[in-house]
Every structure is written in structure tokens, then in C-alpha cells.
Amino acid sequence: MGNKRPKPEEIVTKLRQVEVLTGQGMPRLDAIRQIGVTEQTYYRWKKKYGGMGTDQLKELKRLQKENERLRRAVSDLTLDKLILAEAAKGNF
């Protein structure tokens with residue numbers, strides 16, 4: 001079985017741990033190894049979640065959910081419009 005993927009909150013916490021450890025004088029690579037991820041994963045996380053606080057992360061999740069809801073609403077309305085246009089032509 002594969003490893004469990006960490007939640008965004010856990011990722012932000014791990015990024016902060018690396019910042020604290022490097023601030024205490026530990027080399028960055030050693031700090032990355034200590035949180036249990038590869039260097040590539042660390043930099044990918046840093047690119048996506050770097051500098052983000054937990055409140056900003058919650059806001060991001062809320063906005064993503066709202067965006068998904070709006071996309072579904074638009075697709076439903078577009079489908080309804082196409083059905084009505086087809087019915088108006090008389091080709092049913």
C-alpha cells in the first residue's frame with residue numbers, strides 16, 4: 001500500500017518546521033529529511049503552500065469549493081439552454 005498523503009494543514013506545519021530548523025542553524029537538506037519528505041516534494045510544497053497561514057489555507061479551500069459549485073451551476077444552465085434551443089427548433 002502507498003503512503004497516506006498529508007492534508008494541506010499538515011503540509012503547512014511541516015514547511016514551518018523546516019523554517020524553524022534552518023533558523024536554528026540546521027542545513028536545509030537535513031531539516032527536509034527530518035520532516036520525512038524528499039527534497040523534490042519539499043520544493044513542490046513550498047511552491048504551492050509557501051508563506052501561507054492556516055487562515056489563508058481555510059480561505060483557499062472555501063474559495064475552491066465555491067468555484068466548484070459555480071462551475072456545476074454554469075454547466076447545468078448551459079445544458080438546460082442547449083436542451084431548450086433544440087426543443088425550440090422542433091428537432092426532438
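In this predicted model, about 540 Å² of area is buried between domain 1 and domain 2, and carbon and sulfur atoms account for 68% of it. On the domain 1 side, P8, E9 and M52 stand out: together they supply 72% of the area that this domain buries against domain 2, more than any other three residues. The size of an interface is often expressed in just this way, as the accessible area lost when the parts come together.

The two partners are set by the domain assignment of the protein, which places residues 1–52 in domain 1 and residues 54–91 in domain 2. Taken over C-alpha atoms, the centres of domain 1 and domain 2 are separated by 35 Å. Contact between them involves seven residues of domain 1 and five residues of domain 2.

As for polar contacts, one residue pair is found across the interface of domain 1 and domain 2, with both residues at pLDDT 80 or more. Helix α1, spanning residues 8–23, gives the most to the side of domain 1 that touches domain 2, contributing four residues.

An unreviewed UniProt entry annotates residues 53–80 as a "coiled-coil region". In the model, the chain over residues 53–80 is 96% helix and 0% strand, and the C-alpha atoms at its ends lie 41 Å apart.

The salt-bridge count comes to five. Among the pairs is R62 with E59, whose closest N and O atoms are 2.7 Å apart. R62 and E59 are three residues apart in helix α4 (residues 54–89), so about one helical turn separates them. As a general point, side chains of opposite charge can pair when their charged atoms come close.

Terms used:
Residues are numbered from 1 along each chain as its sequence is written. This is a predicted model: local features need pLDDT of at least 70, side-chain atom pairs count only at pLDDT 80 or more; totals for chains, interfaces and linings use all residues. Side-chain values use heavy atoms; hydrogens and water are left out. Domain bounds come from an automatic or database domain assignment. Contact means heavy atoms within 4.5 Å. Buried area is the accessible area (1.4 Å probe) that two parts lose on being put together, summed over both. A polar contact is a pair of N or O atoms within 3.5 Å; within protein, one must be able to donate a hydrogen and the other to accept it, and residues adjacent in sequence count only if both atoms are side-chain atoms. Helices (H or I, at least four residues) and strands (E, at least two) are DSSP runs, numbered from the N terminus. UniProt positions are given in the numbering used here, feature names are shortened, and annotations may be inferred rather than shown by experiment. A salt bridge is a side-chain nitrogen of Lys or Arg within 4 Å of a carboxyl oxygen of Asp or Glu.
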